[in-house]
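I opened the model and kept notes as I went. They are in the order I looked things up.

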Amino acid sequence: MPDMPQRKFKYLDLQPDAVIDPRGRKHAKTALRRWGPTFCFREEDLYTTSIGPWFSTEIEQRFFGEIDDRGRRAVEYWEGFALPNISHDAFTDLIRFMTVQKLRTPKGLAHLARATGVSSKNRVLMELQRFQHVYGAIWAEAEWAIADASACETKLLLSDHPVTVYNLRCFPGAPRCSGGRDPEPWLNGTHTFFPLSSEKLLILTNTSWVRNPYGDPIKNRPNPNPMRTGVFKFTDVQTGRQLTEQEVLEINYVIKMRARRYIAAPVEEWLYPEKHLTSTHWSKLGNGLLFMPDPRSVSFTSEIIMGGYPDGRPADRWDEYGLRPGQPGFGDEKRRARESTTFEAFKGEFARLFGQKHRGAGVSFGRRVEEDSAEYHAELLRQERPDLSKSRTRR
């Protein structure tokens, strides 16, 4: 996090190694230490490649160096994001930075090795460079929200796996998450979140989940193929959500449970969020809505058209899930009709839970709407929850 000063951190080892004392008795190493940021999450020669007796740190110096420099500037832009200041470089640089951040950790490298079927360290690092844009389309098509913890006493934790994912059906210890695995970002109900600073949190949620949070969270979203381009709208980014102290504690609990081994914070008490939670039930955090954007501020778009190219090329067309004309599922009207019903019901649920004021807002048709009108709010309150007899309830 760029805003963290050069001071000592409380650094918690979630899996401390065992040591043998002079009497032959086994003890766990001290789990809590106090280190500067240079030593937190440091692992020697993690990105060093080798051929015979020769070693190279070129990947860290050249590949990661350039990504980190551009990523740092992108993070600063998004931390202070406000329209009409639009930076396409900040968008592409952040997506690349987050992708590489997710893949370059020990946990990420282990996942990449499993996914690609390679085992040698050299090959895994080569695959990391090949897949440095792998999450770009999925994240570009997600609903973006930036939440603010500045009013809270507790701030966001640092983790050895900073790009965190949450899926209410993929709790730690679930079969799908065995061996330190994470749910994939292209599953319907997966939220990806990334602390931009100790007080600002970027949350990415699949559009299919916002439109129908009553469906199957571990089913693939429409068009889950990540190896393609995606379309992003700056005006859809939701800002203005103020996190509560309880929400920050719940978010920190997810960060802790998704870390590989280490978390850190300037205040020791922040390392133990579970002590202050009324419930640690995975699917009930935030009443099941902890990472959800406010659906009332999400546009129900159906198609994106880009044209007017100087070379006379015909206009490009995509549906809301990045499918193009001729691809199976493009403009699926039956799916869209189902989603319209569940989307309206979900907006009604938010209206009942949070009142007229939106929990976050973007810009639509040049206007930023932060509160329902009395007439629209009354209309939303009449929306009924869809029949869930043949589907999974969220709570």
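**Ground rules**

I am working from a predicted model, in which local features need pLDDT of at least 70 and side-chain atom pairs count only at pLDDT 80 or more, while totals for chains, interfaces and linings use all residues. Residues are numbered from 1 along each chain as its sequence is written, and side-chain values use heavy atoms, with hydrogens and water left out.

**Confidence**

I checked pLDDT, the predictor's confidence in each residue, from 0 to 100. The protein has a mean of 87, and 87% of its residues reach 70 or more. Where pLDDT is low, predicted coordinates should not be read in detail.

I took helices (H or I, at least four residues) and strands (E, at least two) as DSSP runs, numbered from the N terminus. Which residues of H3 (106–116) are buried? I count as buried anything under 20% relative accessible area, as exposed anything over 50%, and as partly exposed what lies in between (1.4 Å probe, protein chains only). The buried ones are Lys107, Gly108, Leu109, His111, Leu112 and Ala113. They pack against H2, H4 (121–130) and H7 (245–258). Just after H3, I found Gly117 with a positive phi of about 75 degrees.

Next I looked at H3 against H4. Their angle is about 90 degrees and their axes are 10 Å apart. Axes here are lines fitted to C-alpha atoms, for helices over the stretch in contact, and angles run from 0 to 180 degrees between N-to-C directions. H3 is therefore roughly perpendicular to H4 (65 to 115 degrees; under 35 is roughly parallel, over 145 roughly antiparallel, the rest oblique). H3 contributes Leu109, Leu112, Ala113 and Thr116 to the contact, and H4 contributes Val124, Leu125, Glu127 and Leu128. By class I get six nonpolar, one polar and one charged. Nonpolar covers Ala, Val, Leu, Ile, Met, Phe, Trp, Tyr, Cys and Pro; charged covers Asp, Glu, Lys and Arg; the others, Gly among them, are polar.

**H8 and H9**

How do H8 (333–354) and H9 (374–381) pack? The angle is about 110 degrees, with axes 8 Å apart. That makes H8 and H9 roughly perpendicular to each other. On the H8 side I listed Glu344, Lys347, Gly348, Ala351 and Arg352; on the H9 side, Tyr376, His377, Leu380 and Leu381. The contact has four nonpolar, two polar and three charged residues.

I also looked up Arg335, which sits in H8. Is Arg335 buried or exposed? It is buried, at a relative accessible area of 10%. Beyond its neighbours within four places in sequence, Arg335 contacts Pro222, Asp319, Glu320, Tyr321 and Gly329.

**Backbone checks**

Leu83 and Pro84 are joined by a cis peptide bond, with omega about 10 degrees. Pro84 lies in the loop between H1 (58–79) and H2 (88–104).

Asn223 is not a glycine, yet its phi is positive, about 55 degrees. Asn223 is in the loop between H6 (207–211) and E12 (238–242), and is buried at 14%.

Asn287 also has a positive phi, near 60 degrees. Asn287 is in the loop between E13 (262–265) and E14 (303–306), and is partly exposed at 40%.

Conventions:
Contact means heavy atoms within 4.5 Å.
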